[in-house]
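Please read the following alongside the sequence and the 3D view. The text goes from strands to side chains and then to charged pairs.

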Amino acid sequence: VTTRLEPVAGYPEDAELRQRVDAHMAKVREIQDACLVVLGPGETLSSIGSRRRETTLGALLCSRIRDALGADACLFNGGGIRGATEYKGRFTYGDLETEIPFDNEIVVVRMPGRVIRDAVAASRATESGAYLQTDDALDLAALDDEREYRVAVVRNLLDGMDHIEPLVRFARENPARVPPAKTGRDVKHVLVDAFATELWRKLGGFDEIDLNHDGVLTEPEVAAAIARVTAEAPSHVAAQLLVHAIDTDADAQITAAELERIRKNESGAP
């Protein structure tokens, strides 16, 4: 099989072909437009200046990665956040792809507090893609130098990407601490699941979503709940993302037990 890219600007418009292309692209646009985060009135997210300062989007992404992976903290290089945009009202799957265009592998590594503090300081010494964004709970001044923390981090930073010397030195001196390549998770997959789980909390109780009261939540019912929260047309794609995040037995529907399991995991309840 061979393929080639053919410029079409020089061809006359064909109504039948245009209709066919638009039908296929409608599915792509629906994916891009799937809402992941609902922003309240006056609330904004910004990735502007992620190479030189902490940003609200950087903190949100790091916090969601931290929680999804059960880590104590998250460090993410500002150069990997590329949108340089301010968001109001909503943050979509398309926005996430724009902001995080690279297939970064996220791993969780145990490292002392002094390494975290030194790494952040070194990354911020000059304006560059190395600038480490951090989660909303990381207090660098309160870190215990000797205590080990579980840190979610882009694996390539430990291999020398962006030249953050404290991370590179730690990995070199503690090779057994660094997970092998391909054993982590793609950052976008982690974030989509994390945002979907967060959005579940805003949809109301199980009985409120279960419109026909049959004891299970289906994609159309979830889509309707999302529409109520976001004031937008029901999105099949957004509903799929949410169902996938909770559906542990892969039967394309959610039971009360599955939803309760997620809520217990989030609260730390046994």
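What follows is a walk through selected parts of a predicted model.

Strand β6 has pairing partners in β8 and β9. With β8 (residues 148–154), the pairing is antiparallel and runs over seven bridges; within it, V108 has A152 as its bridge partner. With β9 (residues 185–186), the pairing is also antiparallel, over two bridges, and here E105 stands opposite D186.

Another strand, β3, covers residues 73–77 and includes N77. The relative accessible area of N77 is 4%, and because buried means under 20%, this residue counts as buried. Which residues does N77 touch, leaving aside those up to four places away in sequence? They are G129, A130, Y131, L132, V154, L157, M161 and D162. With D162 there is also a polar contact between the two side chains, at 3.2 Å.

Next come the aromatic rings. The structure has two aromatic pairs. In the pair Y87 and F91, the ring centres lie 5.0 Å apart and the planes stand at 90°, so the arrangement is edge-to-face. Y87 and F91 are both buried. Together with F195, they form one aromatic cluster.

The charged side chains remain. Across the whole structure, 19 salt bridges are found. One of them joins D145 to R117, with an N to O distance of 2.5 Å. This pair links distant parts of the chain: D145 sits in the loop between β7 (132–134) and β8, R117 sits in helix α4 (residues 113–123), and the two are 28 residues apart. D145 is partly exposed, at 35% relative accessibility, and R117 is partly exposed as well, at 23%.

R4 is exposed, with a relative accessible area of 70%, while E6 is partly exposed at 40%.

Definitions and conventions:
Residues are numbered from 1 along each chain as its sequence is written. This is a predicted model: local features need pLDDT of at least 70, side-chain atom pairs count only at pLDDT 80 or more; totals for chains, interfaces and linings use all residues. Side-chain values use heavy atoms; hydrogens and water are left out. Helices (H or I, at least four residues) and strands (E, at least two) are DSSP runs, numbered from the N terminus. Buried means under 20% relative accessible area, exposed over 50%, partly exposed in between (1.4 Å probe, protein chains only). A polar contact is a pair of N or O atoms within 3.5 Å; within protein, one must be able to donate a hydrogen and the other to accept it, and residues adjacent in sequence count only if both atoms are side-chain atoms. Contact means heavy atoms within 4.5 Å. Rings of Phe, Tyr and Trp (its six-membered ring) pair if their centres lie within 6.5 Å; planes under 30 degrees apart count as stacked, over 60 as edge-to-face and the rest as tilted. Two strands pair if DSSP finds at least two bridges between them. A salt bridge is a side-chain nitrogen of Lys or Arg within 4 Å of a carboxyl oxygen of Asp or Glu.
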